[in-house]
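Reader: Could we go through this structure together? I would like to begin with how its elements are named.

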Amino acid sequence: MSSQPGDRPRILVLIKGLGIGGAERLIADAAPLWDQQRFHFRVAYILPWKDHLVASIAASGIEVDCIGSKRGIGPVAWLGLRRLIRDWGPALIHAHLPSAGILARLSGSVPVVYTEHNIATSYRQPTRSLNELTYRLNRVVVAVSDAVAESLSGYPGPEPRVIPNGITFEVEPGQVDAVRGELGVGEETRLVVHVGNIRPHKGHQNLIAATRRIVSRADDVLVVSVGAEKHEGDLARVRAAAEAEGVSDYIRFVGRREDARAFLAAADVVVNPADYEGLPLAVLEALSLHKPVVATAVGGVPSVVVDGVTGRLVPPGDPEALARGVIEALSSPVATEWGAAGAELVSRDHGIEQMIRQYEKVYEEVLGA
């Protein structure tokens with residue numbers, strides 16, 4: 001079935017998976033706020049085992065399709081997308097991240113709006129090469145930060161424009177107490193919280209090494225890292241690394257949590273130890289909660305964690321600097337001012353409705369409206 005005259009333009013939002021990740025949560029959070037009077041939205045994803053956010057999106061009245069199989073990215077996914085395009089007739093595909101972008105570009109004549117969420121060099125070489133090779137087939141490219149846009153410079157195709165990530169969320173009453181109860185700590189224990197899936201570039205070893213330095217100076221601290229495994233055994237690996245560092249009593253890896261935001265709300269300090277970032281939602285969410293943030297100066301992070309204003313920036317791969325920043329955030333009265341300034345910045349520049357309206361202008365431009 002194809003679009004008929006007078007129909008709302010059909011927008012297919014395509015992503016590799018709908019697990020608990022930044023780009024994925026961005027879609028799930030935005031879905032209830034999409035203008036369904038102007039556009040007819042549908043969401044498709046490729047990896048059937050990454051379906052954690054499907055119910056949330058479907059609850060907004062958005063149809064969700066899995067177009068892939070247990071084999072992941074490949075002919076089955078390509079054929080599934082071709083079939084969906086034939087049967088539903090989207091006027092535009094909005095693809096997020098390289099795998100979905102590559103698949104959308106190779107699917108036929110439907111114009112593609114592509115959003116890049118990460119620094120281009122953070123991907124494995126095969127993905128980077130295929131992304132660059134097909135990049136010219138994009139109609140419009142959007143980067144989530146200036147740093148992400150700069151990382152795409154030299155790619156043969158549209159010049160990226162920047163639409164910063166936006167956030168919206170609420171923490172339910174009682175969730176903070178529930179987090180502390182689950183962790184078995186009272187108000188006297190200060191929580192340093194990290195939210196990031198377990199990936200090579202997310203800085204878990206950096207965080208573990210920094211924890212040893214933190215607790216040598218402040219023994220009333222518990223570090224909590226929230227994030228899913230990419231591969232089976234990832235949690236066991238980082239827990240073993242903490243044991244080897246001698247800090248397993250001071251750092252908890254709690255795995256994938258749908259209530260990750262409650263951990264941010266319970267934090268005294270939020271930390272981001274990554275080697276690469278685009279514009280992480282967890283950092284924006286922490287700032288919106290008036291939390292002091294200590295983060296590595298990578299990707300788009302310095303656009304929101306302004307050193308000495310909304311948090312403390314440290315070099316990547318430097319656990320001593322990370323530890324010093326955390327101790328400062330825990331002990332300095334100035335850290336309260338960081339939280340207030342961060343909340344103001346997010347409120348002004350990173351509302352999710354502001355982001356959605358900018359994307360809708362892109363859709364209108366591509367569709368010639």
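Author: Helices (H or I, at least four residues) and strands (E, at least two) are DSSP runs, numbered from the N terminus. On that basis, Arg-256 lies in the loop between strand S10 (251–255) and H10. Please note that this is a predicted model.

Reader: Is Arg-256 buried, exposed or partly exposed?

Author: Arg-256 is partly exposed, as its relative accessible area is 36%.

Reader: And which residues is Arg-256 in contact with, leaving aside its neighbours within four places in sequence?

Author: With those neighbours set aside, Arg-256 is in contact with Ile-20, His-52, Gly-227 and Ala-228.

Reader: How far is Arg-256 from Ala-77?

Author: The two C-alpha atoms are separated by 26 Å, and Arg-256 and Ala-77 are 179 residues apart along the chain.

Reader: Let us turn to Arg-199. Where is the place of Arg-199?

Author: Arg-199 is in the loop between strand S8 (190–195) and helix H8 (204–215). This arginine is buried, with a relative accessible area of 18%, since buried means under 20%.

Reader: What is Arg-199 in contact with?

Author: Apart from neighbours within four places in sequence, Arg-199 is in contact with Lys-50, His-204, Ala-228, Glu-229 and Lys-230. As for His-231, its C-alpha lies 9.0 Å from that of Arg-199, and the two are 32 residues apart in sequence.

Reader: Which residues line the largest cavity?

Author: Its lining consists of Val-13, Leu-26, Ile-27, Ala-30, Trp-34, His-94, His-96, Met-355, Ile-356, Tyr-359, Glu-360 and Tyr-363. By class, nine are nonpolar, two polar and one charged.

Reader: Which element gives the largest share of that lining?

Author: Helix H14 does, with five residues. At least two residues each come from H1, S4 and helix H14 (352–367).

Reader: What about the second largest pocket: how much space lies in it?

Author: About 450 Å³ of space lies in the second largest pocket. Helix H1 (22–30) and helix H10 (260–266) are the elements that give two or more residues to its lining.

Reader: Which lining residues lie nearest the centre of that pocket?

Author: Of the 19 residues that line the second largest pocket, Arg-25, Asp-29, Ser-56, Glu-258 and Arg-261 lie nearest its centre. The lining has eight nonpolar, four polar and seven charged residues.

Reader: Now H4, please. How many of its residues are buried?

Author: Nine of the nine residues of helix H4 (residues 97–105) are buried, and the helix is mostly covered.

Reader: What do the buried residues of H4 pack against?

Author: They pack against strand S1 (10–15), H1, helix H3 (75–88), strand S4 (92–96), strand S5 (112–116) and helix H5 (125–134).

Reader: Where does His-290 lie?

Author: His-290 lies in the loop between H11 and strand S12 (293–296). This histidine is partly exposed, with a relative accessible area of 48%.

Reader: One more, Tyr-276. Where is Tyr-276 found, and what does Tyr-276 touch?

Author: Tyr-276 is found in the loop between strand S11 (269–272) and H11. Not counting residues up to four places away in sequence, Tyr-276 touches Ile-119, Thr-121, Ser-122, His-201 and Val-298. At 33% relative accessibility, Tyr-276 counts as partly exposed.

Definitions and conventions: Residues numbered from 1 in each chain as written. Predicted model: local features only at pLDDT ≥ 70, side-chain atom pairs only at ≥ 80, totals over all residues. Heavy atoms only, no water. 1 Å grid on protein atoms, 1.4 Å probe; cavity = no way out; pocket = protein on both sides within 12 Å on 5 of 7 lines; lining within 4 Å. Points joined across faces, edges and corners; volume = space filled by probe spheres on them. Nonpolar A, V, L, I, M, F, W, Y, C, P; charged D, E, K, R; others polar. Buried < 20%, exposed > 50% of the residue type's maximum accessible area, 1.4 Å probe, protein only. Contact = heavy atoms within 4.5 Å.
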